Each structure stands twice: as structure tokens, then as C-alpha cells.
Amino acid sequence: MSVTAVPLRPIKKGSLTKLWIGIGLLAAVGIGAAWLSTKAAVVAAQTPDEYLADNGKRAGVVTLPSGLQYEVLKEGNGPKPTPADLTLVNYEGKLAKTGEVFDASERHGGPATLPVTGLIPGWTEGVQLMKQGSKYRFWMPPRLAYGDAGAGPNGEIPPNAVLVFDLELLAVQPGAMNAMPGMGGGMEGHPGM
């Protein structure tokens with residue numbers, strides 16, 4: 001049995017460096033993916049109170065005595081709505097634990113006209129903090145949202161869910177609720193499902 005020696009070709013200049021950079025990038029991507037999945041698992045295991053306590057420590061997040069949390073994404077300069085007003089808003093509602101969107105104004109054809117009162121308590125409290133032209137993010141504890149009942153025709157909002165709403169206040173119609181007898185209560189398909 002004979003063995004033929006095969007000469008090795010020399011490694012091109014810079015190839016080894018590229019190899020190590022590639023290995024480093026793959027390791028960084030793997031670490032990032034592991035961190036994200038671990039973070040999601042930690043959030044999923046938290047109780048609503050634990051989640052809100054951690055969230056309240058983030059820079060820019062304000063926690064009100066009611067437990068409602070908010071962050072100003074853009075401050076407007078128009079009037080603030082009152083309980084007697086109607087509002088024109090863009091909104092997106094998500095589940096805090098999964099990030100799943102359960103409702104959004106764009107699903108209903110664009111901005112929604114909604115009363116200040118008659119919706120979930122967190123919405124009523126939150127929208128009154130905003131000036132026309134503002135965009136806020138709200139975190140609503142279950143007691144200010146749908147509580148232990150949950151909501152949605154297919155259970156889209158599970159019991160005791162923390163809700164996250166991005167809310168943009170486009171316009172305020174002062175006193176419009178007083179001029180519309182019978183208005184109030186929840187509105188199907190909107191934040192008061």
C-alpha cells in the first residue's frame with residue numbers, strides 16, 4: 001500500500017482573519033438569539049404585577065397611583081379631552097406577554113372615533129392625560145383592562161392580561177358626548193369590546 005503525499009496549498013493572506021471574523025459573528029448571533037428567547041421566557045413566567053414592576057423601572061415610563069403606566073412617544077400641543085368628549089385616534093393594542101396585536105384602528109379602516117368614557121378604565125384614564133397631537137404608549141394592569149374575565153369573541157385577550165396600547169390622539173370633539181343621547185358604553189370591535 002503506497003501513500004502519495006499531497007502538498008497542502010498555503011492559506012491565502014487574510015483568509016484566516018476572515019474565518020475568525022465569521023466565527024465571531026455566528027457566535028454573536030447565537031448569543032443574541034439565546035438572550036431573546038430567555039427574555040421571552042422570563043416575561044411569560046412573570047405575574048402581571050412583576051411584569052409591571054420591571055417595566056416601571058425603565059427610563060421614561062411613568063407609573064400612576066392607579067397602576068396605569070405610560071411613556072410619551074410624542075407630545076402634542078392641542079387640548080386634552082374630558083369625559084364629555086369624543087376623540088379621533090389611531091391605536092394598536094397588544095398583549096404584553098407575547099406582543100401579539102389583538103386590535104388596531106387600521107383593522108377597522110383607519111382612525112377611530114371613540115368616546116373618552118365607556119371603554120376600559122385604563123383607556124379612559126390614559127386618553128385624558130394626552131394633548132391633541134400626542135402619541136403615548138400605555139401599559140394597563142388587568143384591573144384597568146379586562147380583569148380575570150378576558151375579552152374578545154375568540155378569547156383574544158386572556159384573563160388577567162397586561163395590555164399595551166400605542167395611542168395617537170388626532171383630534172378632540174369637545175362636548176360631543178353631551179350632544180349624542182344614548183352614546184356611551186363599550187363599542188364592539190374597539191378597546192371596550
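Q: Is D103 buried or exposed?
A: D103 counts as buried, because its relative accessibility is 5% and the cut-off for buried is under 20%. Bear in mind that this is a predicted model.

Q: Where does D103 lie?
A: In strand β4, which covers residues 101-104.

Q: Which side chains does the side chain of D103 make a polar contact with?
A: One is the side chain of Y91, at 3.0 Å. The side chain of H108 is another, at 2.8 Å.

Q: And how many residues apart in sequence are D103 and F165?
A: 62 residues. In space, their C-alpha atoms are 9.5 Å apart.

Q: Changing topic. Which residues make the nonpolar surface patch?
A: L16, L19, W20 and I23 make a patch of about 420 Å².

Q: Where does I23 lie?
A: I23 is in helix α1, residues 15-45.

Q: Why is I23 called partly exposed?
A: Because its relative accessible area is 38%, and partly exposed means between the 20% limit for buried and the 50% limit for exposed.

Q: What about confidence, what is the mean pLDDT of the protein chain?
A: The mean is 85, with 82% of the residues at 70 or more.

Q: Where is the pLDDT below 50?
A: Over residues 183-189. In the model, that stretch has 17 contacts beyond near neighbours in sequence.

Notes
Residues numbered from 1 in each chain as written. Predicted model: local features only at pLDDT ≥ 70, side-chain atom pairs only at ≥ 80, totals over all residues. Heavy atoms only, no water. pLDDT = per-residue confidence, 0-100. Contact = heavy atoms within 4.5 Å. Patch = residues over 30% accessible without salt bridge, like charges linked within 9 Å, V, L, I, M, F, W, Y side chains within 5 Å. Areas by Shrake-Rupley, 256 points an atom, 1.4 Å probe, with all protein chains shown as cover. Salt bridge = Lys/Arg side-chain N within 4 Å of Asp/Glu carboxyl O. Helix = DSSP H or I, 4+ residues; strand = E, 2+ residues; numbered from the N terminus. Buried < 20%, exposed > 50% of the residue type's maximum accessible area, 1.4 Å probe, protein only. Polar contact = N/O pair within 3.5 Å; in protein donor to acceptor, adjacent residues only side chain to side chain.
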